[in-house]
Amino acid sequence: MATDSWARARDRVVAFFARRGEAQEDAVARELETSRGELMAALDSGDEQTASDVRAEWRTRLRRALLADPAAAAELRAVLDEILPGPDGPPVTEVRNTISGGVQHGPVIQAGSVGPVTLGTPDHPAGH
């Protein structure tokens, strides 16, 4: 819930639960968004207990879905394979930026890795 691939993961998990008749897609989506908000707030504040509780809640829901429909394991595996990096895939990078110091009048770039960046105007040789 705390990764950049959240939107894709959310949509796949919503569909997974909706197909099992647990709830309507919009209800599952709202629950996931609420849980994500709680998780992100807990991670930002260092509240490991709340973060653990949110993770446990969804782990329990997934386990119950699999117990009720063991064939769902293949579908869940496909979802996980799609949204989680494999051993040959790129590593997951968490990026958190804070912008401060007043109003920003230019672009803001957030990325896991950006090469050398120079802000401002380039130096001109003397006499030009």
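## Salt bridges

Asp-11 forms a salt bridge with Arg-10, and their closest N and O atoms are 3.3 Å apart. A salt bridge here is a side-chain nitrogen of Lys or Arg within 4 Å of a carboxyl oxygen of Asp or Glu. Asp-11 counts as partly exposed because its relative accessibility is 45%. The cut-offs are under 20% relative accessible area for buried and over 50% for exposed, with partly exposed in between (1.4 Å probe, protein chains only).

This is a predicted model: local features need pLDDT of at least 70, side-chain atom pairs count only at pLDDT 80 or more, and totals for chains, interfaces and linings use all residues. Residues are numbered from 1 along each chain as its sequence is written, and side-chain values use heavy atoms, with hydrogens and water left out.

Six salt bridges are found in the whole structure. Another of them joins Arg-55 to Glu-48, with the closest N and O atoms 3.1 Å apart. Salt bridges that share partners also join Arg-10, Asp-11 and Glu-33 into one network. Arg-55 has a relative accessible area of 36%, so Arg-55 is partly exposed. Glu-48 is at 47% relative accessibility and therefore counts as partly exposed.

Glu-31 forms a salt bridge with Arg-61, the closest N and O atoms being 2.4 Å apart. This pair links distant parts of the chain: Glu-31 is in helix α2 and Arg-61 is in helix α3, 30 residues apart. Helices (H or I, at least four residues) and strands (E, at least two) are DSSP runs, numbered from the N terminus. Glu-31 counts as partly exposed because its relative accessibility is 31%, whereas Arg-61, at 12%, counts as buried.

## The chain as a whole

The protein chain has four helices and zero strands, in the pattern α-α-α-α along the sequence. Of its 128 residues, 21% are buried.

Contact means heavy atoms within 4.5 Å. Among contacts with a separation of 6 or more, 56% are between residues 24 or more positions apart. Leu-80 and Arg-12 are 68 residues apart in sequence, while their C-alpha atoms are 9.3 Å apart in space. Leu-80 lies in helix α4 (residues 72–83). At 28% relative accessibility, Leu-80 counts as partly exposed.

Asp-47 is in the loop between α2 (25–45) and α3 (48–68). Its relative accessibility is 31%, so Asp-47 counts as partly exposed.
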